[in-house]
Amino acid sequence: MCGIVGYCGCKEATPILIDGLKKLEYRGYDSAGVAILSSSTSEILVRKAKGALKFLEEKIADEIVSGALNGNVGIGHTRWATHGEPSDLNAHPQTNVSGSIAVVHNGIIENYARLKAWLQQNGVVFKSQTDTEVIAHLINYFYEKKKDIFWAVQESLKKLEGSYALGVVSSDFPDRLVAARKDSPLILGVGKNENFIASDVPAVLSHTRDVIFLEQGEIAVLYSDHIDLFGADGEKIVRPLYHVDWDLAAAEKGGFAHFMLKEIFEQPRALSDTIRPRLSHDSNGKIIDVSFDEVDLDSISKAKRIVITACGTAYHAGMVGKYAFEKFARIPVVVDVASEFRYRDPILFEDDIFIVISQSGETADTRAALDLAKKRGLKAIAITNCVGSSVSRESDVVLYTRAGPEIAVASTKAYTTQLASLYLLALKLAFLRKTIDQNEYSRLLSELDSIPQKVEKIVSDQTEIQRFASRQFNKSKIFYIGRQFDAASSLESALKLKEVSYMHCEAFAAGELKHGPIALIDRDTLVIAIATDPALFDKLVSNIVEVKSRGAATMVITQDESGAFKDCADAVIHIPNGESAFLSILSVVPAQLFAYYCSVLRGNDPDKPRNLAKSVTVE
């Protein structure tokens, strides 16, 4: 959520900040602002606007042309309201009373009310309702004691409780920019005679590919020609640069109407990049093994239980993973919503395999669950898409999905690559535990290797999905149903529709229909069944007949070619055949497309759903 960009160099800062904020729009926001250290007056010029970034651009357009906003150092922000309603006044940057210090902030300061009361007792008058304004006044309080902006920031951080990523500028130090982080992501971009801060890599990619991932409690001071990096205790740190090797085009729409559609289409490549580098072949080209060099396989093969924790889409991947581990490796699995995990005093054993899943690697609830597990002595495996993220740094082992940058808020390719990683790990564990033999192991790996090509076939012809969406996008109630793996897939399919179309949608195991939900079925209802297990087709047919007889429209997503559903469904969306346990990757793709087209038909922006943020870094 929210986006931070900062610049210190020899170029005009304002256009760079605006461009960087555009690259971070996917994170979700309700207002935007910039603070520029004026080249002519040496004062900090703050400009803010409620709503979309275009309103800020319109507000400052004349000043950019006239040169009134000229300056080589500045900070910018897109805010998602937590304290105070969306407004120009509550937008960031926030300043001290005199306007000589400006701050942008992502995160939540948990003790802001206490700090605010203390500052008010010291004569500070507040203008906004935000917790961020407290930071600006607190920095000013310490600055007045020593006239050292770095020391003032350092001392202020000692008083803050909660999470923060900060960018700070001072009119008394017009050649530098101070940044710090705790529990909210912040990266440093390192260029030639220019340096940057940003919430995420896409904001700086058009200027540099060399970045530093700021770690917990660290503070950085950026100048045009160098960066000084310090630990929480003030010791100087030297860290090598990380070179971003993915193409800038990966973060652009590339001719697609929306990022969401582009990322759905990118899934064959993302899956291939996630699966194939791990596969080993014999001299005849037969797939014989999957490699996890990162993992102590001997240790995990002896574990008695797997615990998976995640939020939202990643949680749904964990639910599919549960079925995969139990089916292939015959090991019990517990899957917990991370936001509940640490509050229920979970029962954990030191030999549990503990897996956290997070697309961004910054999800606050997931990180809290990870911290609890580590304190209990567990070794943690992280599945994430983001190199250098907090979860990747704090886990013992990291399995990176190779989805590339995912810009749309509603996850698509990150989800399917998480599934691929879980399937690979489940098969490896099954082979080590001798619950499958070499022939079955090779067969299943070959089946998994064919998945990217099958997804390519699905996205190459969306005609039926698009047509069905055009007839159903105004339904008031939608239910996804399925059994076993398909029940887990239904959860994610329903979430996608809710996220981008704002249609009320629920998901549940198909057998639960008659235990309550069938009371809701009427002519305003659409029921979508996912059916990938031939052994359960007859059961699904019965469920579909039940809802259709009560007036519901019906659609089935299935690989069936026998016509089992042709007489009971209004539409049958076919996916390629294969190992039924792996079809969770295939069956979700039509559901993603259905959600996308419903969103567009209802006039929504599928890339930036209301009230949602890409990286949920606060509870």
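Me: What volume does the largest cavity have?
Reply: The largest cavity has a volume of about 100 Å³, where a cavity is a set of points, on a 1 Å grid over the protein atoms alone, at which a 1.4 Å probe fits but cannot get out, and a volume is the space filled by probe spheres set on the points, with grid points joined across faces, edges and corners. This is a predicted model, in which local features need pLDDT of at least 70 and side-chain atom pairs count only at pLDDT 80 or more, while totals for chains, interfaces and linings use all residues. Residues are numbered from 1 along each chain as its sequence is written, and side-chain values use heavy atoms, with hydrogens and water left out.

Me: Which residues lie nearest the centre of the largest cavity?
Reply: W80, T82, H92, H105 and G107 lie nearest its centre, out of 14 lining residues, a lining residue being one with an atom within 4 Å of a point. Strand 4 (73-79) and strand 6 are the elements that give two or more residues to this lining; helices (H or I, at least four residues) and strands (E, at least two) are DSSP runs, numbered from the N terminus.

Me: And how does that lining divide by class?
Reply: The lining of the largest cavity has three nonpolar, nine polar and two charged residues, with Ala, Val, Leu, Ile, Met, Phe, Trp, Tyr, Cys and Pro counted as nonpolar, Asp, Glu, Lys and Arg as charged, and the others, Gly among them, as polar.

Me: What lines the second largest cavity?
Reply: The second largest cavity, of about 30 Å³, is lined by I149, V168, V169, S170, F173, R176, L177 and V178, which divide into six nonpolar, one polar and one charged. Strand 7 gives the largest share of that lining, three residues.

Me: Switching to sheets, in what order do the seven strands of the open sheet run?
Reply: The order is 5-6-7-8-12-13-14, with antiparallel pairing, where two strands pair if DSSP finds at least two bridges between them. Strand 5 (94-95) and strand 14 (236-237) are the edge strands, each pairing on one side only. Helix 4 (residues 132-146) packs on this sheet, touching strand 5, strand 6 (101-106) and strand 7 (164-170), and its direction makes about 135 degrees with that of strand 6; contact means heavy atoms within 4.5 Å, and axes are lines fitted to C-alpha atoms, for helices over the stretch in contact, with angles from 0 to 180 degrees between N-to-C directions.

Me: What about the sheet of eight strands, which stand at its edges?
Reply: That open sheet has the order 3-2-4-1-10-9-11-15, again antiparallel. Strand 3 (44-50) and strand 15 (242-243) stand at the edges with a single partner strand each, so one side of each is left without a neighbour in the sheet.

Me: How many salt bridges are there?
Reply: The count comes to 37 salt bridges, each a side-chain nitrogen of Lys or Arg within 4 Å of a carboxyl oxygen of Asp or Glu. One of them joins the side chains of R278 and E294 (2.7 Å, N to O).

Me: Why does the R278 and E294 pair tie together separate parts?
Reply: R278 lies in the loop between helix 7 (267-275) and strand 16 (279-281), and E294 in the loop between strand 17 (287-290) and helix 8 (297-301), so the pair ties together parts that are 16 residues apart in sequence.

Definitions and conventions. On a 1 Å grid over the protein atoms alone, a cavity is a set of points where a 1.4 Å probe fits but cannot get out, and a pocket is an open set with protein on both sides within 12 Å along at least five of seven lines; lining residues have an atom within 4 Å of a point.
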